[in-house]
Amino acid sequence: MFLLVQSATLSGISWYNLSSVEVGLITSGSLYGALIGSILAFNVADFLGRRRELILSSTFYLIGALVTSLAPNFAVLVIGRLLYGIGIGLAMHAAPMYIAETAPSQIRGQLISLKEFFIVLGMLVGYIVGSLLVETVAGWRYMYGVSIPLSLIMGIGMWWLPASPRWILLRAKQGKGNFQSLRENAITCLCRLRGQNISDSAPKQVDEILSELSHVREEQEAKIAEMFQGKCLKALIIGVGLVLFQQITGQPSVLYYAATIFRSAGFSAASDATKVSILLGLLKLIMTGVAVLVVDRLGRRPMLLGGVSGMVISLFLLGSYYTYLDNIPAVAVVALLLYVGCYQLSFGPIGWLMISEIFPLRTRGRGLSIAVLVNFGANALVTFAFSPLKELLGDGILFFIFGVIAVLSLVFIFFIVPETKGLTLEEIEAKLL
């Protein structure tokens, strides 16, 4: 896409002669917007609620896509990317929370993992649309415009869905409205989510959630200091640790080598980076689909331990290839595919699943905003530091360092991360924190 913006013949603009810094701003604009969105979520998430935060996110998606696709100059294009990124930050914060709080515990893992599946599907569709528009004048505008109808569908869909019953009950316990009225609203929302066949048992389920919230007093929302005490601190260590390792084990960097690795192995199609992106996108989609199907049967810990172990092997294979096995390109191809597949079985979906489950309800909104902020911050740091480290240390050493970090993440998962399969969110708080 960025090559199209810089093309004299295909950009369709007069300001196509962009510097490397300007291209970097376009590339990373949505990432910095996501950081802003994560910070905003910390202050407004519990006030707005999960549903309204997602509606706000779809609004930012819509405005950002419109501004970007119609941008008359470079400055407006960057502003559009930032606005779109704010939508990303809000959505990545609110979506796993909303799903976790509304899904039955037996299929909660599947439903939250489906979020990752559709993210990967969206990326794959983006790659395919990009390949179809690569020869179109001003095609980059259409690429950004594709997300406009999708943001409308998201906003309308969330407008139709009810609020999270757990969020409503938290507001009730905090004295944010008439207690009995909020309790009845929570029962109504639960029936809308699960179907009228649970209408008889819905009041009992709501009262069980309320009993688990007995420690919540009628007072202001959680303070920042609470995030670093007791149960909240333990949840923060688990959640932040997972999303940090998700990024610093090389996920943004390994894909940088994909086209080069395939080309060295003799795949002529690898000369077209778009085709490589489509191939890897398809693999990611398949492996994420596998994760969706098995996560509630196998559990979170086995998938994390198994998938990250595969990532360790693949990273050391890539380090070996770039150090002393460069005459065997098949090693790099196998390692690359193994890394992508194992990541999508482990950190990809399970990281987001765990952070949506592990935080106590009272601090869940703020806990997730910190975790999402760390995730995007680490992504930005790894992306920024990758090229200087590559030049300073060399490809092989860099992959070995990622491999050592992946080993450390295995130790973290084994000793710190609990199994949450089959437990309600209230049981997770009571038994594991």
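In which helix does Gly 403 lie? Gly 403 lies in helix H19, where helices (H or I, at least four residues) and strands (E, at least two) are DSSP runs numbered from the N terminus.

## Basis of the model

This is a predicted model, in which local features need pLDDT of at least 70 and side-chain atom pairs count only at pLDDT 80 or more, while totals for chains, interfaces and linings use all residues. Residues are numbered from 1 along each chain as its sequence is written, and side-chain values use heavy atoms, with hydrogens and water left out.

## Overall fold

The protein has 20 helices and zero strands, and its C-alpha trace spans about 65 × 50 × 40 Å along the principal axes.

Of the 433 residues, 54% are buried, meaning under 20% relative accessible area, as against exposed at over 50% and partly exposed in between (1.4 Å probe, protein chains only). Among contacts (heavy atoms within 4.5 Å) with a separation of 6 or more, 82% come from residues 24 or more positions apart.

Gly 403 is buried, with a relative accessible area of 0%. Not counting residues up to four places away in sequence, Gly 403 touches Val 312, Leu 315 and Phe 316. Tyr 144, by contrast, is 259 residues from Gly 403 in sequence and 36 Å from it in space, C-alpha to C-alpha.

## Helix H11

Helix H11 (residues 230-248) has 19 residues and reaches 27 Å from its first C-alpha to its last, close to the 27 Å expected at 1.5 Å a residue, the expected span being 1.5 Å times one less than the number of residues. Its buried residues include Cys 232, Leu 236, Gly 239, Val 243 and Phe 245.

The cover over the buried residues of H11 includes helix H15 (300-324), helix H18 (361-393) and helix H19 (395-416). H11 is followed by Gly 250, whose phi is positive, near 95°.

## Helix H3

Helix H3 (residues 50-69) has 20 residues that should span 28 Å at 1.5 Å a residue, and its end C-alpha atoms are 28 Å apart, which agrees. Among its buried residues are Arg 50, Arg 51 and Glu 53, together with Tyr 61 and Gly 64. Helix H2 (20-48), helix H4 (74-102) and H18 are among the elements that cover the buried residues of H3.
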